[in-house]
Every structure is written in structure tokens, then in C-alpha cells.
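Colleague: I am new to this structure. Please show it to me, and then I will ask about it.

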Amino acid sequence: MSFRDDNEAGSGASGADLRKPFLHTGSWYRMGSRQSSIMGSSQVLREESSVSVVACVLIVALGPIQFGFTSGYSSPTQSAITSDLNMTTSEFSLFGSLCNVGAMVGAIASGQISEYIGRKGSLMIAAIPNIIGWLAISFARDLSFLYMGRLLEGFGVGIISYTVPVYIAEIAPQNLRGALGSVNQLSVTIGIMLAYLFGLFLEWRVLAAVGVLPCTILIPGLFFIPESPRWLAKMGMTEEFETSLQVLRGFDTDISAEVNDIKRSVASTSRRATIRFAELKHRRYWLPLMIGNGLLILQQLTGINGVLFYSSTIFEEAGVKSSNIATFGVGAIQVLATLVTTWLADRAGRRLLLIVSASGMTLSLLVVAVSFYVKDAVSDESTLYTVCCFLAVAGVVAMVVAFSLGMGAIPWVIMSEILPISIKGLAGSIATLANWFCAWIVTLTANIMLNWNSGGTFTVYMLVSAFTVAFVTIFVPETKGRTLEEIQRSIR
């Protein structure tokens, strides 16, 4: 029986039934339901239904904005921080890489934390070290506080990077899941762009203080959104599960079919069951794990973090004088391209977007690699040298656009869709850890490789992008327009 059916059982019980769920979902839903019951307007209820899920996504999107701001912070602040604290280049490089180290620790813990205390509780835990970390950086007087702050930020970001896409996938209706799932990556790009923008005119300590804002707003926002209905169902909280789903779908919506589908999906999984690594050898587990891991690993090995982190260096080498402004321009372009992905995800499909994105990256990286090879072989004063500099910059921008059209957002969407709920905690932690480990490797080696040979660096990234096209074509299924339960049944 759905939440709505329970409420229709009698007017005396109705008031109590309506009040109890809102202790978990927030007062704004209670206001909406009371107004709707008084007005009796189904149109108002439908509008509430569409607004509810979007509002939840916008609140949790503050987490990825924090993620992006953390990633973008080091680029505009390097010269100021090294000057104020008398840091060497290697010490600042360590500062930048500690975010990835902290994120790997957070990724290991993220799945188990979100399984034990829920998606909302996991985000609450992630927000606290982020706030402390930014304050530590803002008030740092020596390297110890700076490094501690960066590690704490990374830990929080590691949890956020797993929990937010999973939460969005579990609350979104199937016809909006791709678009809403893409909001995760869109928010990351917005956070990066804001760090680049504010970094142009804010002092580094003030910029760190600004970094506190997303998670400071996120914490109270979490009290106004429902917990993931699928997590509640897995934990055996049947009443809360139906309440959460009814709030998300609207009080005039018959949720009985979706309730039954979710119940069947979790019926074979014990509430407290522990999945061991040995059990991952079954096809129903290893195939989605391979697809989820493969996409998130390839997302990083295509070199996107190396390009974004060292874009100023790349632009300087290509002959661009205002490299910081150019870097901000790339950040803005990335936001616009990710907006297009958000619109296309539920229209064109995930698989097609991945193939188009990886193919575009392959061609763009080929242009960049050839441009640097030719540029190094000709005179600095020749026309061909100028043309190659232009092509290198255009190729980098095209690569970022192509990445944002699919490889940026869709791997996280598919990971959150394809993993069975029984192993989502363990497998999600493995996939997120793999993503952050590869991000750390790329960030650590990109500058060294660029100093070795710029053309050779982009050739390596091009080959990985070409392999990604083949991987997606062979292994990745289309998930557009299917429920999570249908996707996972098709893999068994």
C-alpha cells in the first residue's frame, strides 16, 4: 500500500500519518501537502512533484560545487601562497596533491559510510572536514596547517564524489535521471570556474574563506530533503521508504508499481548482508564493476586533470600571454559544454554521448600533439610556428569541450545506475578510489611529462582516448529510459 493509500484510510489517522514523515523530509514538504489538501488541486500537486526532485538535486549539488572549488583553488593562488609562506615549488606541488591523497582515503570510506548512515548522513560527515579544512588554510601561518587543511578537504571531497551521484540516481525518475545525474559534473565545473574567477581578484586567504560557503549552506539544506528511498528499502525501513518515494513523486502519484519493483530488487539482499571480495567474481557483480571502474579510470587517464591543472603552463608554452584569463575562459567553456550534456543525456542517450565525447577528445588531442611536434621543429619566427600555436590552443579547448560533452558527467551517472544495490557500497568505494588514484597519478606526472615532451604527452592521452571509444562500444550498455532495477536485471 502506498503512502497516499494509508492516508485515505481515515481522517483521524490522516493527521498523524502526514506529520510523522516530515520529521525526516523537512517542513517545506509539510507546508506543500497541507496547502494541497486544503485546495484539492491536482495541478499544484504535479508541480510539487516536479519541483521536489529538482530541489533535492540543487541542494546536494552544493557538494560537487565544493569539489570543483577545491580542485580549482591551487591554480590562481600558487604565486601568492608560495610568496607569503616561503614555499618551494615542490612544497606547493605537495600541497596540491594532498587533496587527491585525502580524497582516496575518503573514497575508501565513502561506500561504507553511506551504507551505514545513509546518503544524507554521509554528506553531512563530508561537509564538516571541508569547512574545517578551508578555515585551516585561511588562517595558516605555516605549512602544517596548510597541509592539514588540504587533506581534510580531500577527505570530504572523496566522500562527496561517490555519494552525490548515487543519491541523485536513486531519487530521480527514469526519464530525468540522465539530466539530473549530469548536474553533478555541471556543479563541479561551476566550482572550478568560480575558483578561477574569484582567484583573479581575491587574496588567497579570502578565497579560502569563500570556500567554506558551499558546505555551510549544504548542512542545513540536508534537513529539508528526503533520504534515498532505495537505501531505506535496503535497510528494511518500509514505512520511511514509501514516505520518501511518495514525497519525491508527489502525493497524487500512484507509486505502487515503483514500490514493488524496488522491493523485488532488494528482496534477495539481507538488510545487514556483507558482500565479500570473493563474491565479486559472479557476472552480475564483476561486469557492472568492470564497466563502472573502467569508465572512471579512463576518464582520468585521458589526461583531463593534467590539462586543467596545468592549462596556464600549456597556454604559456603555446604562446598565450594572459594565461590566467585564458584558464578562466576554459573553465567557462567547460560549464557551457556540460550544460549541453545535461540537456542531451536523456535525449541522445549515455552510450552515444560517451562515444562522441571520446572520439572528439581523440581528434582534439591528435591536433594538439601534431601541433607541438611541428612547433618544436620549426623556427620561432615562421608563420607555421604561429599557426601551430593557434592549433594547440584550439585543440586544448576542443578537448575540454569534448570531455564535458560526455566523459565528464556520464561515467558517474552510469556508475551510479549500473551497480547492484547489494554491492553499491563496496563497489562504489572501489570505483571512486580508482578514479581518485588515477587523478593523482595524472596530476603528479603531467607536469613532468610536459617538460619531457609536450607532443609525446598528448600522444599518450590521445591513445587512451582512442581505447576509450573501443571500450564503450564493446562493453557499455545504454541505460536511458530504464529503471535502475531494469538495468541491473539486464546484466545478470
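Modeller: Below are questions and answers on this predicted model.

Colleague: How many helices and how many strands does the protein chain have?
Modeller: Both kinds of element were looked for along the protein chain. The count of strands is 0, and that of helices is 24.

Colleague: What share of the residues of the protein chain counts as buried?
Modeller: A residue is buried when its relative accessible area is under 20%. The protein chain has 492 residues. The share of them that counts as buried is 57%.

Colleague: In which hand does α19 pass α21?
Modeller: Helix α19 covers residues 350-377 and helix α21 covers residues 410-418. Their axes come within 10 Å and cross at roughly 145°. The crossing is left-handed.

Colleague: Which residues in α21 do R350, L353 and L354 of α19 meet?
Modeller: By class, the contact has 6 nonpolar, no polar and 2 charged residues. On the α21 side, R350, L353 and L354 meet I410, P411, V413, I414 and E417.

Colleague: Is C56 buried or exposed?
Modeller: The relative accessible area of C56 is 0%. The cut-off for burial is under 20%. Because 0% falls under that cut-off, C56 is buried.

Colleague: How many disulfides does the structure hold?
Modeller: A disulfide needs a pair of cysteine sulfur atoms within 2.5 Å. The number of disulfides in the structure is 0.

Methods
Residues numbered from 1 in each chain as written. Predicted model: local features only at pLDDT ≥ 70, side-chain atom pairs only at ≥ 80, totals over all residues. Heavy atoms only, no water. Axes fitted to C-alpha atoms, helices over the stretch in contact; angles between N-to-C directions. Helix = DSSP H or I, 4+ residues; strand = E, 2+ residues; numbered from the N terminus. Left-handed = near helix turned anticlockwise from the far one by under 90°. Contact = heavy atoms within 4.5 Å. Nonpolar A, V, L, I, M, F, W, Y, C, P; charged D, E, K, R; others polar. Buried < 20%, exposed > 50% of the residue type's maximum accessible area, 1.4 Å probe, protein only.
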